[in-house]
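I'm opening my notebook for a look through this structure. Here is what I looked up, entry by entry.

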Amino acid sequence: MSDTRVTPASSERTDAPGEGPLGRIVRWLYLIGGSIGLLASFVLMVEKIALIENPSYVPTCSLNPVLSCGSVMTTPQAAAFGVANPLLGITGFAIIVTVGVVLTIGFRPPRWFWLALQAGTTFGVLFVHWLIWQSLYTIGALCPYCMVVWAVTIPLFWYTTLHNLERGHFSRGASGPGAVLARYHSFVLALWFVAIIALIAVRFWDYWVTLV
Amino acid sequence: MSKEKIVEGGRAWPSANVLLTIGVVVVAIIVFGGVLLSGGDDQPQGSPTASDSVLLNENSHRLTDAGDNAVTVVEFLDFQCPACAGYYRNITADVEQDYGNRITFVVRNFPLDNHSLALPAAQAAEAAGMQGKYAEMYHALYENYEQWAVNEDGDQLSDDEDRARAAFDSFAEEIGLDVDRFHADMASDAVAERIEADKADGEKAQVTGTPTLFINGERFTPSGETFAEVKQQFREKLDAELAQ
């Protein structure tokens, strides 16, 4: 996917009209990240159903006391809005994948459409951080499939936000702080991931040291 | 994710973003990897062990008692946890029977917050212990797990505390407890303190989930997929310790 962007002297945008420089990243992220999230939610729902049918069923991702879907999936937090969380994931990620497909086909959504995606991914990222908090400090176990969802939701939110900032969807004016953030987009994302990995490392330190 | 290059005068430079991203990842790998490999926090290598004084004390409940120098099994459990009930049915009940006079089997409380009936069940067991019938209540709770720990359809963990307490009362009568005293003890500070002390010791022994078992102070870490495999591993470990 190595791509060499030639910056013309006139500093014209080389992107197709309507798709900002981040548009290409967003498109691929929606397709690939959305598919990964959809798959993880789907598997979690399948495991959840298996667990309902047979309470002594041990989910495929219950590996040990720390990496244990079973102990996460049976908590109240696993149905935060009264229905199983994976249902929200299946619904949301299916939309994300579909948007990725129509963006690839060439659909250039209007501003309201991007703002709706912003609302959806913002809800997703807030929910995911609440779940990270609960998983680490209340439940005290990690669920591998859930962590896959964490890992795709954060970049989905981040690049949707950057794209909207860069296109001026929030203010209809100049791009403002978005330009600086967009220039360091993957750096900020890497810091974000490292911070979460650090929290996980510290919280379950006693366990990780037993692995080496 | 995307490699960006700004081409100026035919020379390609990775952007500051790419360099910084690579920098963060490399630093993170070095820091986490380095601390982990250097055995950070001076943790012992291999299977974690916990000192005997944390795992059991003279007040701890013993299902079987072969004396202080015998092979010792310590189980931290949550009476409502399905995996603990599975261990009981498939592994520990048989172990208790088969190894009874050769090992000391100690049970410690580790009720988890996400099992709403785990604490009342632990109180029931401790209250029975006040009348010298801890082991009897322990067996009653697991043998009749379906009567109180799961809902009537058997498809979910129950949170019906009244139903559970009624079941505990019937167990108390069956094993011959003074039921009024049993009720008073269940609500007593002494019982609450015992449970808290067990939990605190469990946390010191780095117990994070249930069931967690220790054989002679060494944490038992099963690798088996099925109870049959775990059972075999557990018994092999016990046999090896007994042979020493």
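I started with Glu152(B), which counts as exposed because its relative accessibility is 69%. The model I am reading is a predicted one. I then asked which side chain Glu152(B) meets in a salt bridge. The partner is Arg163(B), with 3.6 Å from N to O. I noted that this pair links distant parts of the chain: Glu152(B) sits in the loop between α6 (145-148) and α7 of chain B, Arg163(B) in helix α7 (residues 161-174), and they are 11 residues apart.

Next I stayed in helix α7 of chain B, where I found both Arg165(B) and Glu161(B), four residues apart, about one turn of the helix. Their side chains form a salt bridge at 2.7 Å, N to O. Arg165(B) is partly exposed at 32% relative accessible area, and Glu161(B) is also partly exposed, at 33%.

Then I looked up Arg62(B) and Asp65(B), whose closest N and O atoms are 3.8 Å apart in another salt bridge. Are these two buried or exposed? Arg62(B) is partly exposed at 24%, while Asp65(B) counts as exposed because its value of 51% is over 50%.

I also wrote down a network of salt bridges that links Arg108(B), Asp198(B), Asp201(B) and Lys204(B).

Last, I turned to chain A for a nonpolar surface patch made of Phe81(A), Val83(A), Leu87(A), Leu88(A) and Phe123(A), with about 430 Å² of accessible area together. I checked Leu88(A) in particular: it lies in helix α3 (residues 85-105) and is partly exposed at 32%.

Notes. Residues are numbered from 1 along each chain as its sequence is written. Chains are lettered from A and ligands numbered from 1 in the order in which they are written. This is a predicted model: local features need pLDDT of at least 70, side-chain atom pairs count only at pLDDT 80 or more; totals for chains, interfaces and linings use all residues. Side-chain values use heavy atoms; hydrogens and water are left out. Patches are made of residues with over 30% relative accessible area and no salt bridge: like charges are joined within 9 Å, nonpolar side chains (Val, Leu, Ile, Met, Phe, Trp, Tyr) within 5 Å. Accessible areas come from the Shrake-Rupley method with a 1.4 Å probe; for residues, only the protein chains shown count as cover. A salt bridge is a side-chain nitrogen of Lys or Arg within 4 Å of a carboxyl oxygen of Asp or Glu. Helices (H or I, at least four residues) and strands (E, at least two) are DSSP runs, numbered from the N terminus. Buried means under 20% relative accessible area, exposed over 50%, partly exposed in between (1.4 Å probe, protein chains only).
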